[in-house]
Amino acid sequence: MLFADSGLSDTSISVLFAIWSTTAIVFEVPSGAIADRFSRRSSLVAAGVLQASGYAAWVLFPSFWGFAAGFVLWGLGGTLTSGAFEALLYDGLAANGDESSYGRLNARIDTIGLIAQVPIAVVATALFSFGGYQLAGWVSVAMCLASSVIASRFPEPPRGSDDDEIGYFATLRTGVREAVPIKRAVLAVALVYAIDAFEEYFTLLAQDWRVPTVWVPMATIGVPLLGAAGASLAGRLPFRGWVLFASGVLLIVAAVLAVPFAIVLLGLFYGLYRFVLVHVETELQHRIESDARATVTSVAAIGSEILAFAVYGLWVLGSAAAVGVLILVVALVIWRR
């Protein structure tokens with residue numbers, strides 16, 4: 001909404017998202033190798049600082065180039081988080097012989113993160129009402145810095161006595177090689193996670209569906225709640241290939257209706273999508289056998305960033321309905337994974 005209200009067109013906004021994804025493509029795998037070679041906890045700390053800097057750039061320079069600089073900084077922060085967090089979590093459980101609980105814990109984390117968007121939406125509405133984008137932006141900067149402080153307290157288990165003898169490039173090569181034998185699981189994560197790029201357009205959809213700007217956070221508050229429900233159920237129910245196909249159908253119907261009520265269908269789509277995402281992410285972590293866990297996860301993430309360009313392009317060409325068709329294609333590909 002900040003971009004749109006600053007005078008940017010849908011095309012310009014999609015270009016900004018493309019810059020964001022390009023940054024991730026360039027740095028995703030190298031940053032994963034950095035986390036594997038040095039410290040995954042330190043990667044998470046640096047990620048929060050970089051994202052805070054990106055938000056500060058948006059507040060200080062609310063123009064296309066200011067937004068672009070912010071996305072580059074945010075993209076760098078995102079690459080340091082991607083892979084590092086999953087690896088830190090999985091190896092922490094494995095150190096206690098409890099790696100089998102990763103799926104349930106991953107689902108719980110995803111659920112909590114989505115539920116947290118509800119109070120955030122309420123706060124965002126209040127901040128926007130009292131101080132506009134400036135106040136909301138600076139509070140966002142503070143929250144990112146707070147996340148770095150919290151990340152600095154995470155425990156990090158050792159990863160073997162010979163870690164110091166393995167160089168950065170050797171770690172990078174190991175991670176890339178490890179991704180080849182489990183390419184089906186890597187491809188599933190890349191395809192499904194790429195759809196998450198569509199989340200950036202949820203607020204624009206609400207505006208297009210005639211919801212006043214100040215009420216958009218409250219109008220879309222049910223979307224993350226349904227997403228949380230889907231993620232939570234993923235920790236209890238087995239994978240079903242048709243679930244992602246059904247989510248695509250719901251999104252297409254919502255796009256055709258294009259009325260405020262369609263936000264309910266958008267939420268149902270998001271809940272089914274999150275169910276599938278948790279399952280494919282969990283299967284990938286169980287299949288990784290080397291210490292280059294963050295690097296392998298980053299290989300999947302870089303695939304998703306490349307595929308995210310299709311989401312951005314389809315938004316420009318056909319909005320939500322075109323993205324729904326893409327989801328149907330992805331569902332058919334992973335149906336019998």
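Me: Accessible areas come from the Shrake-Rupley method with a 1.4 Å probe. What percentage of the accessible surface of the protein chain belongs to carbon and sulfur atoms?

Reply: The model is predicted. Its protein chain has an accessible surface of about 15000 Å². The part of this surface that belongs to carbon and sulfur atoms is 68%.

Me: Among contacts between residues at least 6 apart in sequence, what percentage join residues at least 24 apart?

Reply: Of the 337 residues in the chain, 50% are buried. Among the contacts asked about, the share joining residues at least 24 apart is 86%.

Me: How far apart are the mean positions of the positive and negative charges?

Reply: The chain carries 19 positive and 24 negative charges. The distance between their mean positions is 6 Å.

Me: Which helices are included in what covers the buried residues of H4?

Reply: Helix H4 takes up residues 64-81 and reaches 25 Å from first to last C-alpha, close to the expected 26 Å. Its buried residues include Gly66, Phe67, Gly70, Phe71 and Trp74. Just after H4, glycine 83 has a positive phi of about 90°. The cover of the buried H4 residues includes helices H1, H2, H3 and H5.

Me: Which residues does asparagine 106 touch, leaving aside those up to four places away in sequence?

Reply: Asparagine 106 sits in helix H6, residues 102-115. Its relative accessibility is 8%, so it counts as buried, the cut-off being under 20%. Beyond four places in sequence, asparagine 106 touches Val278, Glu281 and Thr282.

Me: Is arginine 210 buried or exposed?

Reply: Arginine 210 lies in the loop between helix H10 and helix H11. Its phi is near 70°, a positive value in a residue other than glycine. Because its relative accessible area is 58% and the cut-off is over 50%, arginine 210 is exposed.

Me: What is the relative accessibility of alanine 258?

Reply: Alanine 258 is placed in the loop between helix H13 and helix H14. Its phi is also positive, near 50°. Alanine 258 counts as partly exposed because its relative accessibility is 24%.

Me: Which residues does alanine 254 touch, not counting those up to four places away in sequence?

Reply: Alanine 254 lies in helix H13, and its relative accessible area of 0% is why it is classed as buried. Alanine 116 is 138 residues from alanine 254 in sequence and 25 Å away in space, C-alpha to C-alpha. The residues that alanine 254 touches are Trp209, Ala262, Leu265 and Leu266.

Me: How far apart in space are glutamate 289 and tryptophan 138, C-alpha to C-alpha?

Reply: Glutamate 289 belongs to the loop between H14 and helix H15. It counts as exposed because its relative accessibility is 73%. In sequence, glutamate 289 and tryptophan 138 are 151 residues apart, and in space their C-alpha separation is 42 Å.

Conventions: Residues numbered from 1 in each chain as written. Predicted model: local features only at pLDDT ≥ 70, side-chain atom pairs only at ≥ 80, totals over all residues. Heavy atoms only, no water. Buried < 20%, exposed > 50% of the residue type's maximum accessible area, 1.4 Å probe, protein only. Contact = heavy atoms within 4.5 Å. Lys, Arg positive; Asp, Glu negative; His and termini not counted. Charge placed at Lys NZ, Arg CZ, Asp CG, Glu CD. Helix = DSSP H or I, 4+ residues; strand = E, 2+ residues; numbered from the N terminus. Expected span 1.5 Å × (residues − 1).
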